[in-house]
Structure formats: structure tokens, C-alpha cells
Amino acid sequence: MGADAKSAMKVEMTDAAARRIAKIVSGEAGKTALRVSVEGGGCSGFSYKFDLVDARNDDDVAIEKDGATVLIDDLSLVYMGGSVIDFVDDLMGQSFQIRNPNAVASCGCGTSFSI
């Protein structure tokens, strides 16, 4: 895989997301990371799934920042390449949001998208 292809597959997380993930994981006994995966379904065709996990799988890519770890499996990474994981705290509430350049449409809930 060339350098351009590798950078296109990269997923980043913001400082706000890293702080929130570290805080959540520290409060959950035995959990070490947040797993983000892409599943079929949702109102736009694909949806993001968030799970606290205690171990890595062989096909996981780990994104680490400021004590926080996000795990993404190879298949989900294909749909999420170039994305940024953020944590937003505003008048609408608190939520993890994924800014995905591959998504051509998304829904109001922010967890479903199409490509």
C-alpha cells in the first residue's frame, strides 16, 4: 500500500474525544478501549457502533491519544478512512460524532450514513 493509500485509511480523534474516552474507560472496570465499528443498517445504509472492550482483536487498528485508545477493525476502516472522531458537548447534548469524508449522506441522529 502506498503512502497516499495509508494516509487515506487513517482515522484521527480530537482532544475532546480522547479526554472523554479516557474518562469513560477509567470508570469501567476491566475495559481498556472504545471500539468503533461500521455495521449495515440504520436509516442511511450504514451505522456506527460504539462498544467498550477489554481486548484487541488481531485485525484491529489502534488509534491512541492522551491515554485513550480507539480500536477499529480492518473492514470498518475501509468505510472510515480519513475520518475524525470528535466528542461534542452542546445545547443538543453530548455525543461522539464521526466526520467521515466518505459519507455522501447522513441522518439527523449522526450515527447513520451512506457512501
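Trainee: Which members of the largest nonpolar core, a set of 20 residues, touch the most other members?

Mentor: Keep in mind that this is a predicted model, where local features need pLDDT of at least 70, side-chain atom pairs count only at pLDDT 80 or more, and totals for chains, interfaces and linings use all residues. Residues are numbered from 1 along each chain as its sequence is written, and side-chain values use heavy atoms, leaving out hydrogens and water. A nonpolar core is a set of buried Ala, Val, Leu, Ile, Met, Phe, Trp, Tyr and Cys residues joined through side-chain atoms within 4.5 Å, where buried means under 20% relative accessible area, exposed over 50% and partly exposed in between (1.4 Å probe, protein chains only). The members touching the most others are Met13, Ile21, Val36, Val70, Ile72, Met80 and Ile85.

Trainee: Which element gives the most to this core?

Mentor: Helices (H or I, at least four residues) and strands (E, at least two) are DSSP runs numbered from the N terminus. Two or more core residues come from each of helix H2 (15-26), S2, strand S5 (68-73), H3, S6 and S7. With four residues, the top contributor is H2.

Trainee: Which residues does isoleucine 21 contact, leaving aside its neighbours within four places in sequence?

Mentor: Contact here means heavy atoms within 4.5 Å. Isoleucine 21 is one of the core members that touch the most others, and its contacts are Met13, Leu34, Ala68, Thr69, Val70 and Phe96.

Trainee: What is the angle between the planes of phenylalanine 50 and phenylalanine 96?

Mentor: Rings of Phe, Tyr and Trp (its six-membered ring) pair if their centres lie within 6.5 Å, and planes under 30 degrees apart count as stacked, over 60 as edge-to-face and the rest as tilted. The whole structure has three aromatic pairs. Phenylalanine 50 and phenylalanine 96 are stacked, with 5.9 Å from centre to centre and a plane angle of 25 degrees.

Trainee: Which residue does arginine 35 meet in a salt bridge?

Mentor: A salt bridge is a side-chain nitrogen of Lys or Arg within 4 Å of a carboxyl oxygen of Asp or Glu, and the structure holds six of them. For arginine 35, the closest N and O atoms are 2.8 Å apart, and its partner is an aspartate. Arginine 35 lies in strand S2 (residues 33-40) and the partner in strand S4 (residues 60-65), so the pair ties together parts 25 residues apart in sequence. Both residues are buried, and the partner is aspartate 60.

Trainee: Which residues share one salt-bridge network?

Mentor: Lysine 49 in strand S3 and glutamate 39 in strand S2 are 10 residues apart, and their salt bridge has closest N and O atoms 3.7 Å apart. Lysine 49 is partly exposed at 34% relative accessibility, as is glutamate 39 at 33%. Shared partners make one network of Glu39, Lys49 and Asp51.

Trainee: What is the relative accessible area of serine 83?

Mentor: Serine 83 sits in the loop between helix H3 (74-80) and strand S6 (84-90). Its contacts beyond four places in sequence include Lys10, Ile98 and Pro101. Serine 83 is buried, with a relative accessible area of 1%.
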